[in-house]
Amino acid sequence: MKKTVCFLMALVLCMASLCFPAIGEEATTNTNEEQSSVQDQQEEGPSAQETQQEAPLEGEVAEHEQTVSTTGAEPPVRWAYGISLTALQSPYIALVNADHPLEKGDVPDPLVKMTTVKRATSATINLQEVAAQAIEEMFNAALLVKEYTYTKLNKSGTEVEETATFSDGMILYLKSGYRSYGTQSTTYSNYLARNNNVDDGYVAKPGASEHQTGLCADILNSDYAGRDRMTQDFKYTPEAQWMKENCAEFGFILRFPEDKEEETGIKFEPWHFRYVGKEIAGYIQSTGMSFEAFTEEWQQALASFEERGGDIQVQLDYEDSSINAPPTSYILEQLGSDGDAEISLVF
Ligand SMILES: [Zn+2]
């Protein structure tokens with residue numbers, strides 16, 4: 001049965017590629033390069049006559065391609081990355097870490113005092129306005145959650161699924177937001193003093209903390225809000241798992257994932273969320289990459305674009321003129337209303 005379906009899909013694809021040569025070209029590319037198709041695509045670079053619209057690569061990418069490649073004259077050098085160049089101009093995607101520290105005088109402006117959401121501290125919490133709004137949206141969305149199935153640890157230490165119910169909705173608690181350079185210095189030295197002078201990667205050095213951007217929030221549930229220390233077993237709470245699953249919808253990423261400690265240089269923090277905007281958060285979540293890897297990827301894409309003679313302003317103008325165009329992807333029309341043109345390319 002499966003073989004028959006695959007055969008039929010292959011047949012449809014072959015017929016489509018006869019009618020639309022561009023589809024056939026993409027079939028070859030995507031079959032061989034499923035894992036790193038986005039990056040490889042931009043490294044290949046387009047041939048001189050390659051001005052045709054490409055088949056979408058992934059879910060989010062597909063949406064993007066539909067909007068940017070439909071009107072006007074496409075620039076001679078194609079922007080072949082999964083995120084629009086416009087989105088990459090965002091001031092909210094600056095990488096801050098030990099290798100890319102902020103200056104002592106870097107203070108985001110304006111900062112907004114968080115007064116409408118539940119907090120896990122009596123201290124004032126400030127965030128950049130855009131992150132403050134997104135936090136409110138996420139906290140309010142959590143309040144609508146009445147039931148959530150999550151993974152917990154049972155008494156014998158085995159992971160089991162359980163459905164939690166929330167009669168008043170899921171309540172999140174904001175623990176911290178903006179932290180100044182000076183505050184981070186104090187936090188860092190206090191932590192070292194408490195930790196036998198060992199820097200184990202839990203607390204960033206002054207300047208290396210993203211909290212100084214005003215775009216990060218540490219978020220807990222009621223159990224953990226009252227504790228003195230945040231611990232990684234917070235990940236076994238419905239709140240942590242719900243946030244991890246849904247944060248991108250509000251423009252956040254889980255900044256220090258469990259399996260990316262080597263790339264981020266920071267230990268897993270199930271409570272720390274960084275605002276990067278919805279489009280980029282969605283991309284990072286769907287690709288599963290660290291923010292460090294994402295930054296390297298898009299910067300390479302940009303360098304490659306410029307090496308091939310691409311003009312940033314021309315591309316930005318093109319994206320601006322195309323942003324409101326209706327989708328006219330003939331590929332999607334030909335290969336199914338669900339928009340998943342790649343389904344036939346994966347066997
Ligand atoms: Zn944090």
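Biologist: What pLDDT does the protein average?
Modeller: This is a predicted model, in which local features need pLDDT of at least 70 and side-chain atom pairs count only at pLDDT 80 or more, while totals for chains, interfaces and linings use all residues. Residues are numbered from 1 along each chain as its sequence is written. Given that pLDDT is the predictor's confidence in each residue, from 0 to 100, 72% of the residues score at least 70 and the protein average is 80.

Biologist: Over which residues is the pLDDT below 50, and over which does it stay under 50?
Modeller: Where pLDDT is low, the predicted coordinates should not be read in detail. With a contact defined as two C-beta atoms, placed from the backbone, within 7 Å, one such stretch has 83 contacts in the model beyond near neighbours in sequence, and another has 30 beyond four places in sequence. The stretch with 83 contacts is residues 1-70, and the stretch with 30 is residues 327-347.

Biologist: What percentage of the 347 residues is buried?
Modeller: A residue counts as buried if 20 or more other C-beta atoms, placed from the backbone, lie within 10 Å of its own, as exposed if 12 or fewer do, and as partly exposed in between. Helices (DSSP runs of H or I, at least four residues) and strands (runs of E, at least two) are numbered from the N terminus, and the protein has 14 helices and eight strands. Of its 347 residues, the buried ones make up 34%.

Biologist: With which residues is G310 in contact, leaving aside neighbours within four places in sequence?
Modeller: G310 is found in the loop between α12 and α13 (312-322), and it counts as buried because it has 21 C-beta neighbours inside 10 Å. P75 lies 235 residues away from G310 in sequence, yet their C-alpha atoms are 8.3 Å apart. Beyond four places in sequence, the contacts of G310 are V77, W79, F305 and Q315.

Biologist: Within what arc do the buried residues of α6 fall?
Modeller: Helix α6 has 15 residues, 129-143, and A131, A132, A134, I135, M138, F139 and A142 are buried in it. Seen down the helix axis, they line one face, because they fall within an arc of 165°.

Biologist: How many bridges join β3 to β4?
Modeller: Two strands pair if DSSP finds at least two bridges between them; strands β3 (residues 147-153) and β4 (residues 159-165) run antiparallel, and L153 has E159 as its bridge partner. In their hairpin, with five residues between the strands, G157 takes a positive phi near 85°. The number of bridges joining β3 to β4 is seven.

Biologist: Is N196 buried or exposed?
Modeller: N196 lies in the loop between α7 (181-194) and β6, and it has a positive phi of about 55° although it is not a glycine. Because it has 7 C-beta neighbours inside 10 Å, N196 counts as exposed.

Biologist: Which peptide bond is cis, with omega near 0°?
Modeller: The proline concerned, P110, is placed in the loop between α5 (85-88) and β1 (111-113). The cis bond is the one from D109 to P110.

Notes: Expected span 1.5 Å × (residues − 1). Arc of directions from axis to C-beta.
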